[in-house]
Amino acid sequence: MTERKPPGVPFDSWIDKQIRDAQLRGEFDQLPGAGKPLESGADTSYDELWWIKRKMAREGLSVLPPALALRKEAEDALAAAYAAPSERLVRKIITDVNVKLRDMMFKPPPGPPLGMRPYDVEAVVRQWRERREAASENS
C-alpha cells in the first residue's frame, strides 16, 4: 500500500524516494520493454499525443471528423434500410439519417465538407422493393 507523504517533505523528494525504493524491491524489473530503448516511429519529430495514437492503433480505434463520421453512418443506414424486413422500418431508418444529414448541411462542422444530400425516401423504398422481389425470385 502506498504510504502518505510526510508533512514538510517536498513532493519531488518524496516521489523520487518512492521510485528508488520500488526499484530496489525490483518492482520495475518485469515490465514490458524493460532495458530496451523507446520505440521511435519513422517520423522522429516530437508529437505530444504519441501515446494516444499508439493506444488507439493498438486497440483498433479511430476518430473521424464529424462529416466523415456522418458519411459512414449514412452509408451504414442505407445498407441497413436495404436489409430491413419491412417498408415501415426502411422509411424510419432513412428518415432518421436524413434528419442528421440536413442538420449538417445547414450547420456545417469544421473539417472536410460532407458532400452528401439527404436520401430520397421513395427512391430507397422503391429499390428496397425491387431487391426483395429479386431475392424472392432467386430463392
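The model is predicted, so local features need pLDDT of at least 70 and side-chain atom pairs count only at pLDDT 80 or more, while totals for chains, interfaces and linings use all residues. Residues are numbered from 1 along each chain as its sequence is written, and side-chain values use heavy atoms, without hydrogens and water.

**Fold and dimensions**
- The protein has five helices and zero strands, where helices (H or I, at least four residues) and strands (E, at least two) are DSSP runs numbered from the N terminus.
- With a radius of gyration of 28 Å, well over the 14 Å that the globule rule gives for 139 residues, the protein is more spread out than a compact globule; the radius is taken over C-alpha atoms, and the rule is 2.2 Å times the number of residues to the power 0.38.
- Along the principal axes, the C-alpha atoms fill a box of roughly 75 × 40 × 35 Å.

**Burial and charge**
- Of the 139 residues, 17% are buried (under 20% relative accessible area, 1.4 Å probe, protein chains only).
- The mean positions of the 23 positive and 22 negative charges lie 3 Å apart; Lys and Arg count as positive, Asp and Glu as negative, and His and the chain ends are not counted, with charges placed at NZ of Lys, CZ of Arg, CG of Asp or CD of Glu.

**Helix 5**
- Helix 5 covers residues 121-138, and its buried residues are Val-121, Ala-123, Val-124, Val-125 and Trp-128.
- The cover over these buried residues includes helix 3 (66-83) and helix 4 (87-106).

Terms used:
Buried < 20%, exposed > 50% of the residue type's maximum accessible area, 1.4 Å probe, protein only. Expected span 1.5 Å × (residues − 1). Contact = heavy atoms within 4.5 Å.
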